[in-house]
Amino acid sequence: MPSSSNAEARAGRGGRRVLNASFVGLLPYVWLLVFFLIPFLIVLKISLSTAFYGQPPYEPVLDLAEGVGATWEKVKTLSLGNYTFLASDSLYVEAYLSSLKIAAIATVLTLLCGFPIAHAMARAPRGWRPLLIALVIMPFWTSFLIRVYAWVGILKREGLLNAVLLELGAIGEPLTILNTNFAVIVGIVYAYLPFMILPLYAALERQDPALLEAASDLGSPPWLAFWQVTVRLSVPGIVAGSLLVFIPAVGEFVIPNLLGGSNTLMIGQTLWNEFFLNHDWPLSSAVAVVLLVILVVPITLFQRYQAREVE
Amino acid sequence: MSALASPAMTGAPLGDSAAEPIAKRAAEPLIRFDHVRKTFGGVVAVADLSLDIEEGEFFALLGPSGCGKTTLMRMLAGFETPTSGDIRLAGKSLAGVPAHKRPTNMMFQSYALFPHLSVWDNIAFGLRREGLNAAAIRARVDDMLSLVQLTAQARRKPHQLSGGQRQRVALARSLAKEPRVLLLDEPLAALDKKLRGETQFELTAIQRRLGITFVIVTHDQDEAMVLADRIAVMREGGIEQVGTPAEIYEAPVSRAVASFIGEINLIEGTVAHADARETALDAPALGTRVVASPAGAARAGEAGCLAIRPEKVAMRRVNGHSDGPNTLTGTVSDAAFMGEDTLYRVRLETGHLIKTRRSNTRDGGTIRLGDRVVLNWDPADAVFLER
Amino acid sequence: MTRFGWLNAVSLTFGFAFLYLPILILVIYSFNASKLVTVWGGFSTKWYVALFQNAQLLAAAKMSLLVAVVTATLATVLGTLAAIALTRARRLPARTLFQGMTYAPLVMPEVITGLSLLLLFVALGIDRGFWTITIAHTTFALCFVAVVVQSRLTAFDMSLEEAARDLGASPVKAFCLVTLPLIAPAVAAGWLLAFTLSLDDLVIASFTSGPGSTTLPMRIFSAVRLGVSPEINAASTILIAAVAIGVMTATLAAKWGARRETRSQ
């Protein structure tokens, strides 16, 4: 076989492989475009509409079948009214701020709980590690709703925690823990802890133990070596874990609903109520768009991390 | 290199040793392992080991993996604590002195370069811990960079360097604090063969220049021979033999040392007679009696072993009758060409194989596979081993 | 062992106690004869009996299982394809967009995903029910599958596939005969993950369900909003047991797969 046609055959084979790999991606690609990306555009469009009593409960309803001219007339009725309303009503502004605050506090606490656990896992004998990882993942496979609900029985006024504390004589009368922001934070820390532990573990497990020894060999006392090497080198894991907790926690609905109180303000719950109780679809769409805008930077950061981690 | 000798840098952590009586310092070597024992959950890593290392030596701990050499070094660095016994440095016990306060520095097998720091910052790491001012640190780091010829790479991160460059950064980092003792854990293991050869000479040159005591851990006998002034051959947590490379090679004390270092013929047998001049051994595998001198402390009837290096075994083609002590005849069974010389294996009538090395110079005449040959050696070149 | 240290042992003990005690308490109280959390009224399985007489709950469970099975299967196919495209395609058009769409749903607040899908279904005039929930679940579950399979594919030794091609297999054949069997544990893990994610979801299902298509989490949610209910504890215990068995099976399967691969190398 002449060498030129040989080379061609090889190029052809290589080329076909590239083509194939792109081709198999077509189906999920289209699926995600239709069911993930386009819905956001619809949310954006409806957030510019006005609430209307009927089905669907907003107007205008765009329909290209009515002709381009009629559609254009309708497009012109879209307005930023919902957004100005969100900005002017302190309830929404506070809900956003309070969500960010609760999520931030919970993220820091999750990190403080998760780091020692991940560190201990990474330093555990090699044979134990698969079991320890399985033990961390297991709760994550258990229903989120049930895990949050488990805390209702523990935290409520006549619940287990108060009973134990009363028995020990630590408190004179039951504390009100359930239906407070504190309970919401406990719930977030508990429910999202595995998400924090796993990336931290991945970062810690990769570290060469000799690095820590090198630092102490060069004169760093143990606490300083821990900070300079162990903590410093797990920064990617810390960032990833924190984003995995923080982003969903900001929009969390189940936890504030079950563990929070009447004065717990979280935007996920606000959105839910606007939608299911007030049936104001355009306003809840606007709430969602603003939430997304707030989260766009952390989400992009997370995607970067994930892409680097996998490739 | 002026900064290397600057008084600010020398022996800062244990600098007060100058205040000690001079007699004691002279009496005691720089490093003394005194009946050191280390077990890991019942497994003995180092068993009742005593060893002295002198100031300014290039000392090698040589042995197969699992012989306890790395554990010994890690105890000296402070990463492991002896189960019993004591390690003294310049006459002072190191017990209770944590790793970060010891005047030893280590070059790790994996190099353990901090991946988030540049070459410059890696080298400066230890100096910063000493609280030196910025100018002193800068001068010292620049000196170290030029010592290992990496000035141009100062701003690079470790992952942007080649294997050889990383190795030099690790060396510079561990030398930067001018330690009393530099510990090198398999420093050349990750390098390819050619680079290893070049780096060996660089290491000895640097050691000579700085006069720092180097202790190297290695499983590579050639490396230990080339680098070290003295070698301790370790086996199963204990020391088999301590000596200069020549002593260890020429006069091994046990079968383990003899067979670990280089090629050797070990001939088992029973002592026929032993006197002040020689030890004669009846070797059933050879079907004859062989002789080694000088003699050991062996007595007739004891089991023992005669060791002879292949290059000390002379070989010539059979022409006529040959006789005398240590003379054997056989057939050339195989030959391994090794460049400057060839390693032959000769099969005796008993079936036993004897290795002999012959240099590939022109004057030897050719020897082919299947040739009948006569082997013999000078009794003075053979060693009698009891262990 | 001494290297591990007591501090690490304490961290692990407290960490796992924190993770598991609430679940354990929940399970214990599902066998409590008393309705009160703080009072132990003796061992009883009456809540389990009540559970199996609760027709609404059983119907919801059936609906959830059906959705979860279909979701897991669809998501596994789509997610695996996405993973292959992301790891293997060298010139993937608009890679960043595709990558973004694959990773974003992992962290996207569920209320946003739920609302946006509902509005899509309304705009398209699709009646809400079984299929809308399934499509919604498939959309976020496929991303989890993609990540799981992708991490396995990245670690995959390409020389195995090249060996198959060297021996005359076409690229597609080589993939199906060599790569697919070896990444099968990851694909299986992806299926299980998608299954539990779907079974677990409350928020997205609430947005995308219609009359007659209430899922188990929706029923549980409306029950627990009113406070602690031992019947729900019983239902939770069954779910937890099912998950525990599933995870153990998956772990064993993964171990088996890993052993098979090391043997083959």
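## Parallel pairing around β7(B)

Strand β8 (residues 213-218) of chain B lines up with β7(B) in the parallel sense, with five bridges between them. Strands here are DSSP E runs of at least two residues, helices are H or I runs of at least four, and both are numbered from the N terminus; two strands pair if DSSP finds at least two bridges between them. L182(B) has F214(B) as its bridge partner in β8(B). To get from β7(B) to β8(B), the chain goes through helix α6 (residues 193-210) of chain B, in a right-handed β-α-β crossover. Right-handed means that, with the strands pointing away from the viewer, the path from the first strand over the helix to the second runs clockwise.

Strand β6 (residues 104-107) of chain B also runs parallel to β7(B), joined by four bridges. There, T104(B) sits opposite V181(B).

## Model and numbering

This is a predicted model: local features need pLDDT of at least 70, side-chain atom pairs count only at pLDDT 80 or more, and totals for chains, interfaces and linings use all residues. Residues count from 1 along each chain as its sequence is written, chains are lettered from A and ligands numbered from 1 in the order written, and side-chain values use heavy atoms, leaving out hydrogens and water.

## An enclosed strand

Five of the five residues of β7(B) (residues 181-185) are buried, so the strand is largely enclosed by the rest of the structure. Buried means under 20% relative accessible area (1.4 Å probe, protein chains only). One side carries V181(B), L183(B) and D185(B), the other L182(B) and L184(B).

## I231(B) in β9

I231(B) belongs to strand β9 (residues 230-235) of chain B, and counts as buried because its relative accessibility is 0%.

Methods
Buried < 20%, exposed > 50% of the residue type's maximum accessible area, 1.4 Å probe, protein only.
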